[in-house]
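Biologist: I am new to this structure. Please take one part and walk me through it closely.

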Amino acid sequence: MHPQSLLASATINIGMAFLVLSLFSIFKKQPSTAPVYYARRLSQRSRVPFDPPLTFRRFTPSVSWILRAFRVTEDEVIESSGLDALIIIRLFKFGIKFFVVCSLIGVVILLPVNYNGQDGPPLSYNSLDAFTISNIRRGSNRLWVHFSCLCFISFYGLYLLNREYYEILSRRIQRLQHIRHRPDQFTVLVRGIPFCPEHKARSCHVDHFFSKHYLDSYSSYQMLYHGSDIEGLLDQAKSTAKKIEELKKTSTVKRHDKELLLENGTREDFAKIALHEEKLQELSRKVHQLQSESVLKGKELAAAFVTFRSRQGASLVAQSQQHPHPLLWITETAPEPRDVSWKNLAIPHRILPLNKIFVILASTLLTLFFAVPVTAVQGIAKFEKLKEWFPPAMAVQLIPGLRSIVTGYLPSVILNGFIYVIPFAMLGIAKLAGCISKSKEELKACNMVFYFLVGNVFFLSLLSGSLLDEIGESVTHPKNFPSHLARAVSAQGDFFTTYILTDGLSGFSLEILQPGFLLWDTVKSLTYARGKEKKPYLYSFPFFRVIPVASLAVLIGMVYAVVAPLLLPFLICYFCLGYVVYVNQIQDVYETVYDTCGKYWTCVHHYIIVAIILMQVTMIGLFGLKSKPAASICTVLLLLLSLLFDRYCKIRFYPTFRHYTVQNARENDELDKKSNLLQENYQNAVTAYRPPFLRPVEFVGSESSSTQPLVSTL
């Protein structure tokens, strides 16, 4: 890629980011856009202050939201959104801390060494290769400078990871103590419950088993049932109740209109209301009948939530094998009630492996299908090869500056456009795996998206670019993987620079602007919802989208930290902008629907370890290509140290994130005993896991409204 193409991409992305962020800072000050930009606050009934109308300050761009984001503390993030939200913030902080140091090393040490690597003029003044390791002549002792920088960067990354793991583990223990009232700390999910032929049920087995083996700590149980028929009736009842409420509101409006229309209108409305109320009563009767104990007994699932009188008892049961047959009485820690995926609990445990196989096949097919647009994107980026394969493309050169835009900006835009839909597709696939909670579905989707991005955006972009340059060469042998990877990495540095620019500047800017919701809200306000009260556009935080994409940026930066250090300053801008954007989104926009107490960090840690390993494998190949075998051998030793560190972290930290330790459970029990809250907390857990279709529902009722407006002007 020519420097002009990179300059064109940087100019377009910076200009677009400046424009979009300016628009956002203006729109955020308007009360009409509060449902988009203050969805979280409005849902919590918090007051949102605005400047008085028709003031100059309301219609001018500002950076106040950026300054506010930097003032938000980690404790405030945890208090408002949980430890999972803090993981997002810590990921961006990791990127800032890591790449600031790497940039200093790259600019001060590596760039001068690379530029003078030929002991004379650089390879080409019209190419950015002069600033990369490609400009170092074969066998040069300057490569030991690169090896020294590689060692420092690797050890610095491992040091940051170790420190982050310690701090987040400490935060997790504190968080578990802070939320010790949650019912999931007293509850265990039991699956594979055997059928009792004597009583024609499973529930009797549950009570007998746990009262026999855990007499001191066992409290009660909640069986799970097939409830699709009840849920269908409840949906009909809610729909009917909504129609009744709308008809009552309509008749109230007519009562304030002309008296002549009142007579004819209300008679029809009263007849409709009476008909719907009769239907609602019939549905209620059917629901109560299906909810009876005799009917539910025949709908029992082989699963139940079992509650214990202490956290210690629940922790011991969740981490123990209950029966010699491992597929009977399977126990695990229950998710919190709002996190439970009730439909998946109806899937028999023995067929879950089939679901997992289907998920693997579906994600593999999606990955293979995505290879087509990635290869096409690389075809656009490699303009010289594109002209040979598609001669009409030469017309692009007739317009001055158009070639730079097409080769520098267009490929990364197309690639980011395709990538945007991938996380949602992967989440849909992950939902088919039969996970017991929404958080586990998103954790699975997070892993799937990351490996998809590594496979397609990173490796396939490398291979596509390499194949377009070396078309006709034989298929490489597996033993030569490091050298071929190194050659491809060195050739694709410019493309990934434009990718980081587009994903960071344009992507984060559009994330905070929320153009889709803004456009939809405008259309609604001008059409069918005109004059009606607006509801906030409230959605859960997309961990499965943000974490893999940001982790891919870390991976790209690490791989190119020694190869092409000119990329690193762009990554600092990427993570700084991402930090302020997602602090704003966490505080004002997205809802917290669950809190795994930091389990996402185990994923982030694994992704960064993968990045460090890929960086070192790439350098093994590059040192080999540059005829420096001693440096390659030393890098192999560095790679082994990284793998040993990863193993250490899996032994030292990972188990504490996977389980609720007995020691922490006992300490929290003792705190509750001192404050006389233990009995109250476990009794609340008894009713918390009642299935939604067995909970009492009020179909008709009036909601209390606050006399104080939520959106106000000062």
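What follows is a close look at one helix, a partner residue elsewhere in the chain, and then the cysteines.

Biologist: What is the shape of helix 19, and is it buried or exposed?

Modeller: Keep in mind that this is a predicted model. Helix 19 covers residues 493-513. Start with its length. At 1.5 Å a residue, its 21 residues should span 30 Å, and the end C-alpha atoms are 30 Å apart, so the two values agree. The helix also has a kink of about 30°, centred on Gly507. Just after helix 19 comes Gln514, with a positive phi of about 55°.

Now its surroundings. Of the 21 residues in helix 19, 19 are buried, so the rest of the structure largely encloses it.

Val20 sits in helix 1, residues 3-27. Beyond its neighbours within four places in sequence, Val20 contacts Ser509, Leu510 and Leu513. Val20 and Leu510 are 490 residues apart along the chain, yet their C-alpha atoms are separated by 7.0 Å. Val20 is itself buried, because its relative accessible area is 7%, under the 20% cut-off.

Last, the cysteines. A disulfide is a covalent bond between the sulfur atoms of two cysteines. The whole structure has zero disulfides. Take Cys576: its closest cysteine sulfur, in Cys573, is 6.8 Å away, so the pair is too far apart for a bond. Cys576 is partly exposed, at 30% relative accessibility. Cys597, by contrast, is buried, with a relative accessible area of 2%.

Key
Residues are numbered from 1 along each chain as its sequence is written. This is a predicted model: local features need pLDDT of at least 70, side-chain atom pairs count only at pLDDT 80 or more; totals for chains, interfaces and linings use all residues. Side-chain values use heavy atoms; hydrogens and water are left out. Helices (H or I, at least four residues) and strands (E, at least two) are DSSP runs, numbered from the N terminus. Buried means under 20% relative accessible area, exposed over 50%, partly exposed in between (1.4 Å probe, protein chains only). Contact means heavy atoms within 4.5 Å. A disulfide is a pair of cysteine sulfur atoms within 2.5 Å. The expected span of a helix is 1.5 Å times one less than its number of residues. The bend at a residue is the angle between axes fitted to the seven residues ending there and the seven starting there.
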